[in-house]
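Okay, thanks for coming, everyone.

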Amino acid sequence: MDLKQLEAFVHVAELGSFTRAATTLDTNQPALSRLVRHLEVELRHTLLERTGRGVTLTPAGQRMLAHAKGILQQVQRASQDLDELHGALGGHFAIGITPSFARVATHELVRGFRSSFPGATISVAQGLSTYLIEWLMMGRIDVAVLYDTCDTPLIDKRTIFTEELFLIGSDNGDTPTEAVGESTTTITLREIVRYPLIIPGRMHAIRRMVEAAAAEQGVRLRIELEVDAVTSILDLVSEGIGYAVLSLNATTSDALKRRFQVIRITEPTLFSRLAIATSSKHTLSQLAIQAIAMLELKILPLYGTAA
């Protein structure tokens with residue numbers, strides 16, 4: 001296989017059409033079709049299903065797409081690394097961030113990067129921490145800002161911010177979000193079984209962390225609903241349908257500025273840990289190293305301020 005085959009396959013797969021991909025790559029459809037077909041022959045797998053309305057990925061194609069994008073990005077990094085020998089700090093920086101961090105920091109991240117590195121480009125991917133780990137391993141992103149729940153082989157992580165997690169309910173007029181302190185109602189983790197929970201799916205870092213802590217206490221969570229989006233969780237909590245386990249940052253950044261009941265969880269107290277993660281499999285370019293330094297100095301403090 002060669003890079004032209006991989007580039008052709010990635011563009012056709014992402015655009016869902018040989019015609020659109022040919023236009024994007026400034027080539028013709030037959031040439032593009034030959035490249036993809038040669039790749040399929042070499043891999044001995046059908047990657048794309050041709051239909052009258054375009055193409056769709058086969059199961060093999062879905063797997064290959066992630067690898068192909070990672071390979072192309074690694075080649076781009078290699079070229080970028082060599083360019084830096086001439087003192088040109090250009091190239092591309094790819095970062096993955098969690099939705100909660102994205103709400104607070106995306107705008108300043110992009111603005112800060114473009115100001116600091118005018119000769120380079122940036123892409124920002126948003127996803128759950130589990131997916132960010134996978135993207136790091138594949139080389140799709142240079143760095144991730146994610147929630148750290150456990151040790152991951154070949155991934156280097158450094159905690160940058162720790163947040164206490166609370167049981168969040170609809171406001172009953174007694175304990176608004178803004179009044180967290182010594183007077184805040186407290187419960188033990190064992191007592192959480194009394195509360196119907198609206199909690200993210202099993203791929204979500206907070207879900208995995210809360211379930212692990214509950215299992216250590218011999219407690220089985222009472223899960224009323226599984227909802228991944230924090231905004232939707234808060235909508236349901238506000239209506240009194242159930243309770244959530246979230247940081248105060250999630251409630252204070254609520255666009256509707258609603259008030260919520262806050263209950264501190266003890267024995268044990270639960271914490272989420274925001275971390276910077278990189279893959280030990282992939283060498284960071286000078287651009288990535290300096291972009292990460294900029295991220296830590298100028299962007300990460302914004303999250304702490306919002307919390």
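So, the UniProt record, an unreviewed entry, carries the annotation "domain: HTH lysR-type" over residues 1-58. UniProt positions are given in the numbering used here, feature names are shortened, and such annotations may be inferred rather than shown by experiment.

Quick housekeeping. This is a predicted model, where local features need pLDDT of at least 70 and side-chain atom pairs count only at pLDDT 80 or more, while totals for chains, interfaces and linings use all residues. Residues are numbered from 1 along each chain as its sequence is written, and side-chain values use heavy atoms, with hydrogens and water left out.

Over residues 1-58 the chain is 62% helix and 14% strand, with the end C-alpha atoms 19 Å apart. Helices (H or I, at least four residues) and strands (E, at least two) are DSSP runs, numbered from the N terminus. The whole chain splits into domain 1 (3-65), domain 2 (68-159 + 273-306) and domain 3 (162-272), with bounds from an automatic or database domain assignment. Taken over C-alpha atoms, the centres of domain 1 and domain 3 are 45 Å apart.

Now the helices. Helix 1 (residues 3-15) and helix 2 (residues 18-25) have axes that come within 8 Å and cross at roughly 125 degrees. That makes the pair oblique. Axes here are lines fitted to C-alpha atoms, for helices over the stretch in contact, and angles run from 0 to 180 degrees between N-to-C directions. Under 35 degrees counts as roughly parallel, over 145 as roughly antiparallel, 65 to 115 as roughly perpendicular, and the rest as oblique.

Who touches whom? From helix 1 we have E7, A8, H11, V12 and L15, meeting F18, R20, A21, T24 and L25 of helix 2; contact means heavy atoms within 4.5 Å. Those residues divide into six nonpolar, two polar and two charged. Ala, Val, Leu, Ile, Met, Phe, Trp, Tyr, Cys and Pro count as nonpolar, Asp, Glu, Lys and Arg as charged, and the others, Gly among them, as polar.

Next, helix 1 against helix 3 (residues 29-43): axes within 8 Å, crossing at roughly 110 degrees. These two are therefore roughly perpendicular. K4, Q5, L6, A8, F9 and V12 of helix 1 contact L32, L35, V36, H38, L39 and E42 of helix 3.

Most residues other than glycine have a negative phi, and most peptide bonds are trans. D26, though, has a positive phi near 55 degrees, and D26 sits in the loop between helix 2 and helix 3. Then a cis peptide bond joins E267 and P268, omega about 0 degrees, with P268 in the loop between strand 11 (260-266) and strand 12 (271-279).
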